[in-house]
Amino acid sequence: MGAPTVSGDDTLRETMEEYGLTAAELGLAAESDDEAEAALLARFLFEPPKRQAIGGERNGLALDRVVKQLTALLRMLSGRQFTVAYSDPPSTDNLNIYLPKAVPAPEIYEQDLLLYRAMALVQVGFLRHGILQDRAVLAEIHRDWVLRSAFHLLAARYVLRAWAEEYPGLREDLRRVAVLDKAGAMRVNVTAVPRDGMPGAFVPLYESLVTCLNWKVPGAEGDPARRAIRVVDGLPILGAGAGGASAAPPARLTTLLLQEARTLREHFHRLRLGPPPLPWFVGIIRPEWILADLARDIAYEQEWKKGNKPLRQLLEAMARNPGGGAPPPVPEAPRVGLRARFLARISGPDTSKAPAYGALRDEHVEQARAAANRVEDDVLAAPPKPGADGAREYDEWDDAAGVYRFAAVKVVEIEGATGPLGGYERVVNANQRQIKEIRRRFEALRVEERWLHGQPDGSELDMNRAIAALTDIAAGHQPDERVYKRYVRQRQTVAILTLVDLSGSTQGHVIHLEQEAIVLFAEGLRTLGFPHAFYGFGNTHPQECQLQRIKGFEEAYGEAVHKRMGNLRPNGATRLGAYLRHAGWLLASRPQARRVLLVVSDGKPEDRGEYRGKQGIRDTAMAVAEVRRLGVHVHCISLDANEGADAYLGEIFGPGRFLKLDSVDALPTRLPEVFRGLVR
Amino acid sequence: MIYYRPHGNEVEVFRVAAARKLPILLKGPTGCGKTRFVRYMAEQLGRSLVTVACQEDLAAADLTGRFLLEGGQTVWRDGPLTRAVRAGAICYLDEVVEARADVMTVLHPLTDDRRVLPLDRTGEELVAPDDFLVVISYNPGYQSVSKELKESTRQRFVSLSFDYPTAGIEAEIVQAESGCGADVAQTLVKLGQGSRNLRAHGLGEGASTRLLVYAATLVVAGLPLKEAAEATLVGSLTDDVEMTKALRELVRSVLG
Ligand SMILES: Nc1ncnc2c1ncn2[C@@H]1O[C@H](COP(=O)(O)OP(=O)(O)OP(=O)(O)O)[C@@H](O)[C@H]1O
Ligand SMILES: [Mg+2]
């Protein structure tokens, strides 16, 4: 073919000339790809998101108001799990979808919601059909804006058609989106371009998405854009039946789309046209986000923040110098104590090896428990005394050696991070309805009214029991004398301490939701009048664990507490055992008979040094056992969605004593519910 | 003939376990056909079935039996479990975690190789005949965190995990149970499956097969599909306002 070949740089230059955009506006200011990516990445990772004025005259509907509903609907329609974050224009990194914080004014609820739905459908569609999975394709469209836009428009056509075919109700919606002015604002990357005078060659591409934009110049028959769309429309959409599985094999699908996009690109080049701009609602494809493995980088970044840097440097140094590398780090020699015998006494018989039927007797387990309780009396009678610096020293279980290490770790209580007052109020204001609901449910915990059956004494005869006793007497048996019933209204107080994971890994979404969760929970507890406390953990130093007091038992709600609750800050690692032991003592010194320790954590107990893997898990499990013996009920809500999480959570907290949330989004509603379930 | 549509190897496993006198634990979400399955198996094996729905107040004596006064005489009355043992029936304890702890104690000697039921009150010790079988059910997704099956109980049972059937089979069931058309059944199943994508993400559980059968029944009785779906799938799954809106949108998206 005699078609001129064009390079990505040519089209880039043409794009800039065509729309009068600078390279920076195209997101490509830097000389090399590497630099550009680094800059983008840095901007994304380290710059706080720019805030738009929300709620004022200048915006329409804000995403926050509909995000729950929207995510729920899209999860139901697509069967995929993803989270929603902010970005304008909409986009995806193959894990999350990004939507604008708000749509332009004026707010018209129904229309704006329709628009959000359409924006999200495009992005979820990309996820669902694996459009952005092929790295070679992404690399090819990365710098070439003409190719990228053409590919994007064709892919958007495909996913919208797929939705419409599978869900008749959506077809109507998508047609209505087309008439919205807001939806059709045209952009190249993030920069708006005028939509008047749109070249006729582009028009069929928009017609295929939004039929009523106002430059309806009929493209000629045999027009390449029309032909491309026909080809795309001919691609089969699999899985459109019930079940809604994925479509055509993604690799083939993207290759076909790319082929068509390449043809269009040649065509536009011959006409000396730049990239077709994109209607706002179809968003933007950001190959750099995916190619740079943003998700991996964020994970890496968090690891790094957790303090693995020296270790990694060491490993890297060793890799560079494989022959005579640095010696491996020598673990600190444990200070071995006398409590080795402890293990056998508290863990009881090894139930894991018991045969499935019969042999395991509950009596054995009971005996072992009783033995453990006796040990507790002499060993754990008092909390450790605070040192001069206010820190308390706790023993730690050394799993490899099978002994406790005396005073191996210090826990010091510090005041939690503080900041502006607005954080707390914002959560309260945004969740009025939920708070009301939580309070309503908590109300039922406050006063318990019920009949206590089978009492030795009471206001009324318990007929069933009385008859049973009578018949026993008549039959010559020893009767059960507890034949009364009593109506009680009792106020059962429970002391509750919530321990929140503030380690480095909670950075971002998780901590945000933890904050929301504790605020909602606090609002419920306040009305209930149960004594309660919130503490946050995350240690920056292995031997000294700082426990941040967000709200102490004795502290009243006021500015200081609100400020702390609204400004959680992530930092450090998860030396969970130590924190549990300390929290256990805080609770054990409460006068209330019932005490609950709720742990919210997002991962395994892990700290620098030895405290990871088996060691971290075993020490934490021992800590849980110790705390339980203090008469404290320990329960965990884990945000660790990994497959293997059940195993270690079960080992630490025991079966049925933890709740694993698949999505952190559920935390604010589940935290109060778990508490309610525990004390009910 | 009881209608049951198998969707895995549950029938074979049940048969083998029953032949070997091994007690059976059925795990699965609500309305996925557990009760129906047990009724079906009882019929297939030609054994009678005693069903006990467990709730908080159910105590051991409610299962084993108690003395009653009749005309000045004390008369022993067998409870359902004792009756099942004597008759060599299948005893099905539905939602067993709901019952009081002492119920489990009664079940333990019956569900290991001893297979006996001691009745302290009458001084008897019943030895279960070969045809006697304990089947319990349990919904692990159930809300209350304190209600978990004890390990020593769990390990006495052969467990069969149930889940909602695949789309094709479920549509078949909905059609057979309600007498609705294939289109209606398929549409309802699509809705049901959509709602199940939200399990643990806003909904405790998605729509059960039972709920889909209800919806189909309403349609057969003349209600428009949309209203039937609204009354069952939207109304019965959640009270949360946002979730309700999302479910309503799902119905609208599927039905058009
Ligand atoms: N495999 C199946 N074959 C036939 N009918 C089924 C099947 N699965 C579900 N159903 C239908 O679903 C209804 C509910 O089933 P069933 O009562 O057995 O549920 P379940 O699992 O016992 O629920 P629950 O845990 O709430 O007691 C049945 O009445 C029947 O109409
Ligand atoms: Mg049932």
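Modeller: First, the ground rules. This is a predicted model, in which local features need pLDDT of at least 70, side-chain atom pairs count only at pLDDT 80 or more, and totals for chains, interfaces and linings use all residues. Residues are numbered from 1 along each chain as its sequence is written, chains are lettered from A and ligands numbered from 1 in the order written, and side-chain values use heavy atoms, with hydrogens and water left out.

Biologist: Why is A:Thr254 called buried?

Modeller: Buried means under 20% relative accessible area, exposed over 50%, and partly exposed in between (1.4 Å probe, protein chains only). A:Thr254 has 0% relative accessibility, so it counts as buried. This residue is found in helix H11 (residues 250-270) of chain A. Helices here are DSSP runs of H or I with at least four residues, strands are runs of E with at least two, and both are numbered from the N terminus.

Biologist: What makes A:Asp462 and A:Arg465 a salt bridge?

Modeller: The rule asks for a side-chain nitrogen of Lys or Arg within 4 Å of a carboxyl oxygen of Asp or Glu. Their N to O distance is 4.0 Å, so the pair meets the rule.

Biologist: Why does the salt bridge of A:Arg117 and A:Asp173 tie together separate parts of the sequence?

Modeller: Their side chains meet at 2.6 Å, N to O. A:Arg117 lies in helix H4 (residues 109-128) of chain A and A:Asp173 in helix H7 (residues 168-177) of chain A, so the pair joins parts 56 residues apart in sequence. Both residues are buried.

Biologist: What links A:Asp173 to chain B?

Modeller: A salt bridge to B:Arg252, at 2.8 Å, N to O. A:Arg117, A:Asp173, A:Arg176, B:Glu249 and B:Arg252 are linked in a network of salt bridges. Across the interface of chain B and chain A there are three salt bridges.

Biologist: How many disulfides are there?

Modeller: Zero, over all chains. A disulfide would need a pair of cysteine sulfur atoms within 2.5 Å.
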